[in-house]
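Have the sequence and the model at hand while reading.

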Amino acid sequence: MLRRVGLRGEAAIVGIAEYAPQRRYSGPRRFMLEQWADLAALALADAGLRPADVDGLVCANVRESEQFVPSTIAEYLGWKVNFAERVDLGGATPVGMVWRAAAAIELGLCDVVVCAAPGRPTPSLPPDQPRMWSPFGASSNVMGSPQAEFDIPFGNVAQNVGYAMIANRYAHEYGYDPRATAKIAADQRTNANAHPDAVFRDVPITIDDVLASKMVADPLHVLEIVMPCAGGAAVVVASKDVVRRTRKRPVYITGFGEHLAHKTPTYTEDVLHTPIGPAAEQAFSMARMKRSEVDCVQLYDCYTITVLLSIEDSGFCGKGEGMRFVAEHDLTYRGDFPVNTHGGQLGFGQPGLAGGFTQVTEAVRQVRGEAGDRQVPDCEVSYVSGTGGIMSEQTALIVQGG
Amino acid sequence: MSTVPLPRPRPIEATEPFWSALRSHRVVLQRCGACATWIHYPRRRCTACTSEDLRWEEVSGHGVVSTFTVARQPTHPAFADEVPQLLAVVELDVGVRVTTTLTGVDPADVHIGMAVVPSFDDGDDGVTLLRFTPA
């Protein structure tokens, strides 16, 4: 007998909200607490639930408060919650939020959990105000941090070079087909062209366009790297009992996984066996599902190499076969292996920490049948991945229609 | 010229012997006295067995390029003068990997598996960085 780990599959995503991504945000600037309240209201309205129904929240950071973020949010929104969590997993955060919400619900701690990540520009601060953002981005240059001492002084900062070094290592071990990684960007752009909100909805690209675009850090071209934008999203997760009084088709969370082992890839044993491997294995085992039963996959795509490794290590093809798999399959919403049907963050946009939510909301829209021109026919099951840092932390989620 | 100051290492008590050796152009690494595991970056306890008996041992510093990239745009404004940055991970012959940059080599000639040796880069601040150059 297999030991059943984790969820029974009784919690569902019942509401979503998403600010349309914008390259150049022109709307009013709001504080993150204000965006949080706005996104939560929109997601609750989508679900047909009231604020008084909320008894759990999952957040990440907000600019207005370095600490005590959950209580600050609960107070600001007027919520009384039995479960509050702050997740700190970079781009893997949104998927990490959703499974924590589902787990808390199945433990019986709460019935309605709101998860949100605002990502619009905030009002500029007067000079005397503390700055929470470091000029070293996701790297920590604080004394005593290993990165500050052993990585940053060499210029190993931010994400591009880390992913580039993983891609080059892949090329060394398994070979590299630049047209295959470029095809990931091109196929996803086809998907973005079918999404009315995608930042690149009007601009198609070809494999040759990708290969002709500027080299940023070998072998990564600029069209293989996400473009930051404004946006934000929220998701409402609810218990089986609450699902009955919501408005939309429930999207049940039946499997998840999470795995992390390094901050800087230099110090991991094998950069090519990425954390999504064990995370996906757990998710599929928990959901008692085969890879072949998935109708579309929404893979965190900060870079094309992230998608390639996530296809392989999630078990959709063998190790080292990703380049051929991508070349041989149509990754568009019309294709035989639909990937990032909203265009991915490469085509739809990466609204900061909410970037990983774009994969969650797209999975929900596909399973609800709300994906419009890019709808995958009869979509019942979607697999979602989240990735933080430099393949540092990864999360996996399986969702199914109810 | 970049006007942003270069970020420099700020050694702490636990790591000082590593930096001190580099100043005299030697490479020392931690090795666990209990289970013989090599450890980098320096720590207070062994990552394999939690022992606090971590001993400093001198190594050759020879290694191979485990991976690399050529950054065509600066990774941070402070490194604007170093573009193209030849960033690498070098695996030393005792098995640990270090973040570094390669010097004295044309980017087009770098390949994974290339044998490299230390190139000690003495800074005005008394800190020596462990860079590498082809053997």
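Strand 4 of chain B and strand 5 of chain B pair in the antiparallel sense over eight bridges. Strands here are DSSP runs of E of at least two residues, helices are runs of H or I of at least four residues, and both are numbered from the N terminus. Two strands count as paired if DSSP finds at least two bridges between them. The model is predicted: local features need pLDDT of at least 70, side-chain atom pairs count only at pLDDT 80 or more, and totals for chains, interfaces and linings use all residues. Residues are numbered from 1 along each chain as its sequence is written, while chains are lettered from A and ligands numbered from 1 in the order in which they are written.

**Strands 4, 5 and 6 of chain B**

- Within the pairing of strand 4 and strand 5 of chain B, B:Thr69 stands opposite B:Leu87 of strand 5.
- Strand 5 of chain B also pairs with strand 6 of chain B, in the antiparallel sense and over five bridges.
- B:Val90 has B:Val98, in strand 6 of chain B, as its bridge partner.
- Strands 5 and 6 of chain B form a hairpin with four residues between them, and B:Gly95 in the turn has a positive phi of about 110°.
- Seven of the eight residues of strand 5 of chain B are buried, so the strand is mostly covered; a residue is buried if 20 or more other C-beta atoms lie within 10 Å of its own, exposed if 12 or fewer, and partly exposed in between, with C-beta atoms placed from the backbone.
- Strands of a sheet pair through backbone hydrogen bonds, either parallel or antiparallel.

**Chain B as a whole**

- Chain B has one helix and eight strands, in the order α-β-β-β-β-β-β-β-β from the N terminus on.
- The radius of gyration of chain B is 16 Å, which agrees with the value near 14 Å that a compact globule of 135 residues would have; the radius is taken over C-alpha atoms, and the globule rule is 2.2 Å times the number of residues to the power 0.38.
- Along the principal axes, the C-alpha atoms of chain B fill a box of roughly 45 × 30 × 25 Å.
- Of the 135 residues in chain B, 33% are buried.
- Among contacts in chain B with a separation of 6 or more, 50% are between residues 24 or more positions apart; two residues are in contact if their C-beta atoms, placed from the backbone, lie within 7 Å.

**Domains of chain B**

- The domain assignment gives domain 1 (11–59) and domain 2 (60–135) of chain B, with bounds that come from an automatic or database domain assignment.
- The C-alpha centres of these two domains of chain B lie 21 Å apart.
- Nine residues from domain 1 of chain B and 13 residues from domain 2 of chain B take part in the contact.
- On the domain 1 side, helix 1 (16–23) and strand 1 (27–32) of chain B each supply at least two residues.
- Helix 1 of chain B gives the largest share of that side, three residues.
- By class, the domain 1 side has six nonpolar, two polar and one charged residues; Ala, Val, Leu, Ile, Met, Phe, Trp, Tyr, Cys and Pro count as nonpolar, Asp, Glu, Lys and Arg as charged, and the others, Gly among them, as polar.

- Three strands of chain B form an open sheet with the order 2-1-3 and antiparallel pairing.
- Strand 2 (38–39) and strand 3 of chain B are the edge strands, each pairing on one side only.
- Strand 1 and strand 2 of chain B run antiparallel and are joined by two bridges, and B:Arg31 has B:Trp38 of strand 2 as its bridge partner.
- B:Trp56 lies in strand 3 (residues 54–59) of chain B and counts as partly exposed because it has 13 C-beta neighbours inside 10 Å.
- Leaving out residues up to four places away in sequence, B:Trp56 touches B:Pro17, B:Val28 and B:Gln30.

**Contact with chain A**

- 29 residues of chain B are in contact with 30 residues of chain A.
- Strand 4 (63–71), strand 5 (85–92) and strand 6 (97–101) of chain B each supply at least two residues of the side that touches chain A.
- That side of chain B has 14 nonpolar, ten polar and five charged residues.
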